[in-house]
Amino acid sequence: MADIHMTFSPRIMTGSLSRIGSGVGNWGSHALLLADTALEDAAADIQDQLDSRGVRTIQFSREGLGCDILTLDDALSLARGSHARGVVALGGEGVMSLGRLAASAADSGLKADAIMENGVIPDNGLPLVEVPSSGTHSLMFLPRAFLADSVSGRSDLIGISTPQTHVVVADPTMPGRLT
């Protein structure tokens with residue numbers, strides 16, 4: 001009988017948030033943690049896990065955190081200024097999109113309006129760990145992210161041409177429950 005070998009991108013890990021440490025590999029000493037304020041307990045658990053592995057986190061949290069060009073520019077400035085070597089996104093689909101775009105563009109020097117205009121990010125970017133708060137993330141297996149421009153009212157689906165290292169940690173005990 002022939003062996004079947006299948007490779008999935010992203011790498012999916014199920015279980016508690018304590019497994020997140022195995023997703024960070026050799027990130028260096030700094031990571032950017034993007035989280036909705038409604039998930040502050042889970043964000044604290046993630047910070048503890050990363051700290052135990054020698055990775056300091058810089059947390060970017062807002063109520064109702066999503067992915068618009070102003071928020072993306074703020075997240076990119078924080079990632080670049082803190083010399084983050086990886087990104088962890090904790091929340092819903094908007095936070096997952098923000099994490100993907102911040103991780104992809106952090107090393108490129110691109111600003112959010114240029115990303116919106118080009119519709120694609122050409123760089124490889126930083127490693128990314130996604131921790132979705134629900135199982136309804138429609139782009140989980142696609143190298144894409146939503147980006148909105150609240151000034152013009154335009155939204156677009158941005159392509160990430162070379163997906164960065166990508167791990168999804170699915171914790172069914174998290175608030176918001178994976179459904």
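Student: At about how many degrees to S7 does helix H4 run where it lies across S5, S7 and S8?
Tutor: Helices (H or I, at least four residues) and strands (E, at least two) are DSSP runs numbered from the N terminus, and axes are lines fitted to C-alpha atoms, for helices over the stretch in contact, with angles from 0 to 180 degrees between N-to-C directions. Contact here means heavy atoms within 4.5 Å. Helix H4, which spans residues 93–105, lies across S5, S7 and S8, and its angle to S7 is about 100 degrees.

Student: What pLDDT do local features need in this model?
Tutor: Residues are numbered from 1 along each chain as its sequence is written, and side-chain values use heavy atoms, with hydrogens and water left out. The model is predicted, so totals for chains, interfaces and linings use all residues, side-chain atom pairs count only at pLDDT 80 or more, and local features need a pLDDT of at least 70.

Student: Which strands stand at the edges, each with a single partner strand?
Tutor: Two strands pair if DSSP finds at least two bridges between them, and the open sheet of three strands has the order S5-S8-S7 with mixed pairing. One side of each edge strand is left without a neighbour in the sheet, because each has a single partner strand, and these edge strands are S5 (120–121) and S7 (144–149).

Student: Which residue in S8 stands opposite Val 120?
Tutor: Strand S5 is joined to strand S8 (residues 154–160) by two bridges, and the two strands run parallel. Within S8, the residue opposite Val 120 is Gly 159.

Student: Why is strand S4 largely enclosed by the rest of the structure?
Tutor: Buried means under 20% relative accessible area, exposed over 50% and partly exposed in between, for a 1.4 Å probe and protein chains only. Both faces of S4 are covered, with Val 87, Ala 89 and Gly 91 buried on one side and Val 88 and Leu 90 buried on the other. Strand S4 (residues 87–91) is therefore largely enclosed, the number of its five residues that are buried being five.

Student: What is the bridge partner of Gly 91 in S6?
Tutor: Four bridges join S4 to strand S2 (residues 30–36), which runs parallel to it, and there Ala 35 stands opposite Leu 90. Five bridges join S4 to strand S6 (residues 128–132), also in parallel. In S6, the residue bridged to Gly 91 is Pro 132.

Student: At roughly how many degrees do the axes of helix H3 and H4 cross?
Tutor: Two packed helices are described by the angle between their axes and the distance between the axes. Angles under 35 degrees count as roughly parallel, over 145 as roughly antiparallel, 65 to 115 as roughly perpendicular and the rest as oblique. The axes of H3 (residues 69–82) and H4 come within 10 Å, and they cross at roughly 45 degrees. That angle makes H3, relative to H4, oblique.

Student: How many residues of the contact of H3 with H4 are nonpolar?
Tutor: Thr 71, Leu 72, Ala 75, Leu 76 and Arg 80 in H3 meet Leu 98, Leu 101, Ala 102 and Ala 105 in H4. Ala, Val, Leu, Ile, Met, Phe, Trp, Tyr, Cys and Pro count as nonpolar, Asp, Glu, Lys and Arg as charged, and the others, Gly among them, as polar. By that grouping, the residues of the contact of H3 with H4 include one charged and one polar, while the nonpolar number seven.

Student: Is Leu 98 buried or exposed?
Tutor: Leu 98 has its place in helix H4, where its contacts, leaving aside neighbours within four places in sequence, include Leu 34, Phe 60 and Leu 65. At 0% relative accessibility, Leu 98 counts as buried.

Student: What is the relative accessible area of Thr 37?
Tutor: Thr 37 is found in the loop between S2 and helix H2 (40–52), and, not counting residues up to four places away in sequence, it touches Ser 61, Arg 62 and Glu 63. Thr 37 is partly exposed, with a relative accessible area of 32%.

Student: Near how many degrees is phi of His 83?
Tutor: Most residues other than glycine have a negative phi, and most peptide bonds are trans. His 83 is found in the loop between H3 and S4, and at 58% relative accessibility it counts as exposed. Its phi is a positive value in a residue other than glycine, near 60 degrees.
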